[in-house]
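Here is a brief report on selected helices and their packing. Look at the structure first, then read on.

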Amino acid sequence: MEAAGKAIETAARALAYVTVGPPIVRYGPGGEVHVDVPLMYQGFALDRVHFDPLAMAPSPKGRPVHVHGVRVDVEAVRRAMESALKELRILDAVEYREPEAAWAVPIAWRRFIVAHVKVSSDGSELIPDYGLTEEVRRLVS
Amino acid sequence: MVRELLREKLLLVLLALYAALCVVVPGFLESSLFLVDYNALALIACFLMVSRALEVSGAVSFAARALLDKFRGSPKLLLLSLIMLCEMTALVMMNDGVVFVVTPLVTVLARLTGLDVAFLAALVALAANIGSSASPIGNPQNIIVWQHFHLAFHVFVAGMIPYTIAASLILALYAAIALRKAERAVLAPPPPVKVDAGLAALSLALLALDVALAHLELQVVALLVTVAAMAVHRRDLLKSVDVPLLACFALMFMDFRGLSRALATASLIPCLHGSLEVMLASAALCQIIINVPATLALIDHVDGLWRPLAVGVNLGALGLAWGSMANIIALRLSGAKAKEFMKHTVPVMLAILGAVLALALLGIYP
């Protein structure tokens, strides 16, 4: 219980230092478009936020948006996410993920949970999403 | 894999140039494979991997956080110390890796202190580029020069350190002047990211071992040892090896050395003799074809003058937004506009150029 509280506090302190990474835009073979925006923390990606390019707003976690015939303006997506970033908040409850030995602290935007921050089992350190970090690294290089 | 390779625009451009050279330059197809310095390429692969491992270990992030904790009451001192951290880290880590770690942090500092994000991103990129210039393993163009001229590690460092110190002083002065009006702000210390101390130690050990093996002309052994060590300790990091980027480097060797040799044969480019001539030509060429191609285009035509070449290509990488990979990463991660970014990088580059020109005219350096 104590570690869970500490994990929430750690995630809340980290939120002030989270930045919006470069949007990742994928075009499928059928012309469908999918946009994710990574949340960055000191050179590491923490999680991706699914972004709805029609509503120009974050989409709930677990509900990636695939749209057709939309030309994505990456700069506009970034601006919209930077604006949404100011409204992100850490929820006061966590789940534990045994395989990763980490707490997953939900991040909410308005009524949606849009991402998770993973925190070590003792609640003290952030655990990055290394796979996503690599993806961002490739994207910006 | 093929689809991934075809997505790389730079690779496609280099392949097109290769194809054009095969058609236009007689004998290019047969000789092109001999234009690649495989030892340098092996070391670039080695240090890209080791640098990436150091980056992923969280060690640089840990150091940046420690600075933030120490200087959180003074944004000015904090930023000056972060500049120093970038410069020192870029001595042992590729400069683009340093920028990847520190840029998100300064982006937040911009938000919290009201400082211009383009200015802070420019400081990070400049610091990483300047710091890396003193080290043979700081950036790919230095590895190429170090290997091509068969220089001892300490000879390279000794040759470049006057430039690095002069450039660092100019950058520190510029930053101190620009930051004099930075308002005091007390920042809450951010929580740490998990540090993989074993990986950091392994990376530093591999770094030393690879340098020693390169000194013994065992570059391919260095590559094999690095790959084996990574496979044992962190297999997932092997997936981060950027194969298209390595293919780009191989093609750059073939394309730009081939092109410059063909132009020299046709007497369209002269052999450069004086130090000043080499430095200015290499710095100028970087503004057109960025630093690694510029290094390769000139490396066979500088009459052994490695130091002016290294100074020129390191200096040339500082100014324009597309002058180096470090600049591009700083821009893309911070979201700053290229025009705003260059308002800071170009004056610093010109000031450093002025200082180096003064030393050159006095016959002291490079």
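## Basis

Contact here means heavy atoms within 4.5 Å. The model is predicted.

## Helix H6 of chain B

H6(B) covers residues 75–89, 15 residues in total. From first C-alpha to last, H6(B) reaches 20 Å. That is close to the 21 Å expected at 1.5 Å a residue.

Buried positions in H6(B) include B:Pro75, B:Leu78, B:Leu79, B:Leu82 and B:Ile83. B:Ser81, B:Glu87 and B:Thr89 are also among them.

## H4 against H14

Helix H4 (residues 38–57) and helix H14 (residues 243–265) of chain B have axes that come within 11 Å. The axes cross at roughly 155 degrees. Angles over 145 degrees count as roughly antiparallel, so H4(B) and H14(B) are roughly antiparallel to each other. The crossing is right-handed.

On the H4(B) side, the contact is made by B:Ala40, B:Leu41, B:Ile44, B:Ala45 and B:Leu48. They meet B:Leu245, B:Leu246, B:Phe249, B:Ala250 and B:Phe253 in H14(B). The residues of this contact divide into 10 nonpolar, no polar and no charged.

## B:Ala284

B:Ala284 lies in helix H15 (residues 275–289) of chain B. Is B:Ala284 buried or partly exposed? B:Ala284 is partly exposed, because its relative accessible area is 41%.

B:Ala250 of the H14(B) contact is 34 residues from B:Ala284 along the chain. Their C-alpha atoms are separated by 23 Å.

Key: Residues numbered from 1 in each chain as written. Chains lettered and ligands numbered in written order. Predicted model: local features only at pLDDT ≥ 70, side-chain atom pairs only at ≥ 80, totals over all residues. Heavy atoms only, no water. Helix = DSSP H or I, 4+ residues; strand = E, 2+ residues; numbered from the N terminus. Expected span 1.5 Å × (residues − 1). Buried < 20%, exposed > 50% of the residue type's maximum accessible area, 1.4 Å probe, protein only. Axes fitted to C-alpha atoms, helices over the stretch in contact; angles between N-to-C directions. Parallel < 35°, antiparallel > 145°, perpendicular 65-115°, else oblique. Left-handed = near helix turned anticlockwise from the far one by under 90°. Nonpolar A, V, L, I, M, F, W, Y, C, P; charged D, E, K, R; others polar.
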